[in-house]
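Thank you all for coming; I would like to walk through one model this morning, slowly, and with the definitions stated as we go. Please keep the structure open on your screens while I talk.

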Amino acid sequence: MRLVNEFTKGLWREVPPFRLVLGLCPTLAVTTAAENGVGMGLATTFVLVCSNVLVALLRKLIPSKVRIASYIVIIASFVVIVELSMQAYAYKLYEALGIFIPLIVVNCIVLGRAEAFASKNNVVLSMADGLGMGIGFTMALTVIGGVRELLGSGSVFGVHVMWSSFEPFGFMLKAPGAFVCLGFLLGIMNIIGAKK
Amino acid sequence: MRDIIRMIVVLTVICGLSGFTLSYVKQVTEEPREYAYLKFVKEPSIKAVLSGYDNDPIKDRIIVTLGKDEKGNPIEKQFFPAKKNGKVFAVAFDASANGYHGPISVMVGVNDKGVVDGISIMQHSETPGLGARTTEPSFTGQFKGLTLDGVNLTASGGKIQAISGASISSGAVVRAVREALELLPKIKQEVFSS
């Protein structure tokens, strides 16, 4: 039961960018298209799950004084693995995400989950937590990316969906558009949350 | 004291393992990463300069060693062969020459008789509206069908019309293509026999 709970909390109750308002840098920067959102989300999910598992495995071995340094080394290693494999097998995505792949290292969700959850719980629970948070993060990025792509270039996942006379809002693809979009989505989530 | 030693040991072991893992991953992905890079960066230019091939020039790329540099390291150059029914009939490779603002790199497609199949400017930092116009098909198209004799500006007795106001950039492209064509006899054996 606890396992299910740890997994599902990342999907709605604590969905990272909306509820915890963590990891905003990639959330705002790469979500110009739904596809980039999915790619960034999946890369982060991989790093989250792997680092959570490893941190949980080593939690009794790592002295508390050097824990942050150890976590960063573990996280950074997985990020480099993601970066290298993306470069080899998904070059287009690698080009689109650019500097934000190495920056997963400093994504506070990853370090946050390692510190707040994986260092205190067992491997299975940490994996569920990482997976849930990762999927929640991916969904959030995909939604923001989808909305911005729909309004900013009139398409979703690269497929044109708006009517032909639709004039795209170039504004939505710029940084302010990301903030406006995030603000509206946060508001909507709060309205839904408040009714319960 | 024991605490300090434990900290040092744990952190050292973690960093060491991380280093080993990463160097292993880097080695394993070396091939596919290079392939992906060439595929996305060079293939568009290769497609522009060669036609009628049925192989994957990136996958069949040939590396030829061309002498040694000052330090004695071999100079290697990549050639992208175009094959039809398993026979190489043309090859694409890059060459560069200094333009008005730094190097202009050109992908040149040549067939086995030394006739240019097409050229495409891959990278340059020439002046927009002047030197940058060397990338336009009206300029690059002039090279098609020429051999080494013809590749020269009209002012020097060749067949290439320089872009007015951009003779340095035009000259650089010509020099790059000439350099490529002069290299051809040296590598012909190795590239066309494979």
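This is a predicted model: local features need pLDDT of at least 70, side-chain atom pairs count only at pLDDT 80 or more; totals for chains, interfaces and linings use all residues.

Residues are numbered from 1 along each chain as its sequence is written, and chains are lettered from A and ligands numbered from 1 in the order in which they are written. Helices (H or I, at least four residues) and strands (E, at least two) are DSSP runs, numbered from the N terminus, and two strands are said to pair if DSSP finds at least two bridges between them.

Let me stay with the strands of chain B. Strand E3, residues 87-99, and strand E4, residues 102-111, run antiparallel and are joined by 10 bridges, with Ala90(B) in E3 standing opposite Asn111(B) in E4(B). On its other pairing, E3(B) is joined to E2(B) by five bridges, again antiparallel, and Lys87(B) in E3(B) is the bridge partner of Lys84(B). E2(B) and E3(B) also form a hairpin with two residues between them, and in that turn Asn85(B) has a positive phi of about 50°. The hairpin of E1(B) and E2(B) has five residues between the strands, and Gly72(B) in the turn has a positive phi of about 90°.

Is E1(B) largely in the open or largely buried? A residue counts as buried if 20 or more other C-beta atoms, placed from the backbone, lie within 10 Å of its own, as exposed if 12 or fewer do, and as partly exposed in between. Of the seven residues of E1(B), residues 62-68, the number buried is zero, so this strand lies largely in the open.

Helix H4 of chain B, residues 167-192, has buried residues that include Val173(B), Val174(B), Leu181(B) and Val191(B). The buried residues of H4(B) pack against E1, E2, E3, E4 and strand E5 (116-123) of chain B, where a contact requires C-beta atoms, placed from the backbone, within 7 Å. H4(B) also has a kink of about 60°, centred on Lys186(B); the bend at a residue is the angle between axes fitted to the seven residues ending there and the seven starting there.

Chain B, with four helices and five strands, has a radius of gyration of 22 Å, whereas a compact globule of 194 residues would have one near 16 Å. The buried share is 42% of the residues in chain A and 29% in chain B.

Chain B is divided into domain 1 (1-41) and domain 2 (43-192), bounds that come from an automatic or database domain assignment, and the C-alpha centres of these domains lie 39 Å apart.

Finally, the interface, in which 19 residues of chain A are in contact with 19 residues of chain B. Helix H5 (67-89) and helix H6 (91-97) of chain A each supply at least two residues of the side that touches chain B, and H5(A) gives the most, with 12 residues.

What does Val25(B) touch, leaving aside its neighbours within four places in sequence? Val25(B), which sits in helix H1 (residues 2-41) of chain B, is in contact with Ile81(A) and Leu84(A), and it is partly exposed, with 18 other C-beta atoms within 10 Å.

Notes:
The radius of gyration is taken over C-alpha atoms; the globule rule is 2.2 Å times the number of residues to the power 0.38. Two residues are in contact if their C-beta atoms, placed from the backbone, lie within 7 Å.
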